[in-house]
Amino acid sequence: MKAGKPTVGRIIFNTYRLTDDKVLTNRLFASITATALHEILHVLGFDRSLYGSYLDSTTGLPYSYSIVTPVVLNSNRTGGANFLLKTPAVAAWALDYYGCVNVTGMPLEN
């Protein structure tokens, strides 16, 4: 993929299979919603393979450094490594939202 070129995503939901032989419970609905949001985030560009093509707004070029940093967020958290997305824009947004000067990025789901 060339820097600056659009990426297109598509999500197809098999609505027949969502509740084919099941009752739509709160738990099933929550699971379907979580999966849909997860996939939508991939379409919006939050995908490990695309981070290298993110553009620095000050230069218009891809970042010259890795914008994903492994961190320990919580020693009790399971599911593998934890990562922060760290760009100047993300850090500025997090600082504005949380009001904490120590925020350097936002956690990514693994």
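**View 1. Tyr65 in the loop between helix 2 and strand 1 of a predicted model****.** Tyr65 is partly exposed, because its relative accessible area is 42%; buried means under 20% relative accessible area, exposed over 50%, and partly exposed in between (1.4 Å probe, protein chains only). Tyr65 is located in the loop that links helix 2 to strand 1. Helices (H or I, at least four residues) and strands (E, at least two) are DSSP runs, numbered from the N terminus. Residues up to four places away in sequence aside, Tyr65 touches Lys86, Thr87 and Pro88, where contact means heavy atoms within 4.5 Å. Gly52 is 13 residues from Tyr65 in sequence, and their C-alpha atoms are 8.8 Å apart in space. This is a predicted model, in which local features need pLDDT of at least 70 and side-chain atom pairs count only at pLDDT 80 or more, while totals for chains, interfaces and linings use all residues. Residues are numbered from 1 along each chain as its sequence is written, and side-chain values use heavy atoms, with hydrogens and water left out.

**View 2. Tyr63 and its contacts****.** Tyr63 is also placed in the loop between helix 2 and strand 1. Tyr63 counts as buried because its relative accessibility is 15%. Beyond its neighbours within four places in sequence, Tyr63 is in contact with Tyr54, Leu55, Asp56, Ser57, Thr87 and Pro88. One of these, Thr87, is 24 residues from Tyr63 in sequence, with a C-alpha to C-alpha separation of 8.7 Å.

**View 3. Asp56, a buried residue with no salt bridge****.** Asp56 belongs to the loop between helix 2 (26–43) and strand 1 (68–71). Lys and Arg count as positive and Asp and Glu as negative, whereas His and the chain ends are not counted; a salt bridge is a side-chain nitrogen of Lys or Arg within 4 Å of a carboxyl oxygen of Asp or Glu. The side chains of Asp56 and Thr58 make a polar contact at 2.7 Å. A polar contact is a pair of N or O atoms within 3.5 Å; within protein, one must be able to donate a hydrogen and the other to accept it, and residues adjacent in sequence count only if both atoms are side-chain atoms. Apart from neighbours within four places in sequence, Asp56 contacts Leu61 and Tyr63.

**View 4. A nonpolar surface patch that includes Leu41****.** Leu37, Ile40, Leu41, Leu44 and Phe46 form this patch, and together they have about 460 Å² of accessible area. Patches are made of residues with over 30% relative accessible area and no salt bridge, with like charges joined within 9 Å and nonpolar side chains (Val, Leu, Ile, Met, Phe, Trp, Tyr) within 5 Å. Accessible areas come from the Shrake-Rupley method with a 1.4 Å probe; for residues, only the protein chains shown count as cover. Leu41 is situated in helix 2 and counts as partly exposed because its relative accessibility is 42%.

**View 5. Val8 in the segment before helix 1 (15–18)****.** Val8 counts as exposed because its relative accessibility is 77%. Val8 and Gly45 are separated by 37 residues in sequence and by 9.1 Å in space, C-alpha to C-alpha.

**View 6. Val103 in the loop between helix 3 (88–98) and strand 3 (106–108)****.** Val103 counts as partly exposed because its relative accessibility is 22%. Trp93 is 10 residues from Val103 in sequence, and the C-alpha atoms of the pair are 9.7 Å apart.
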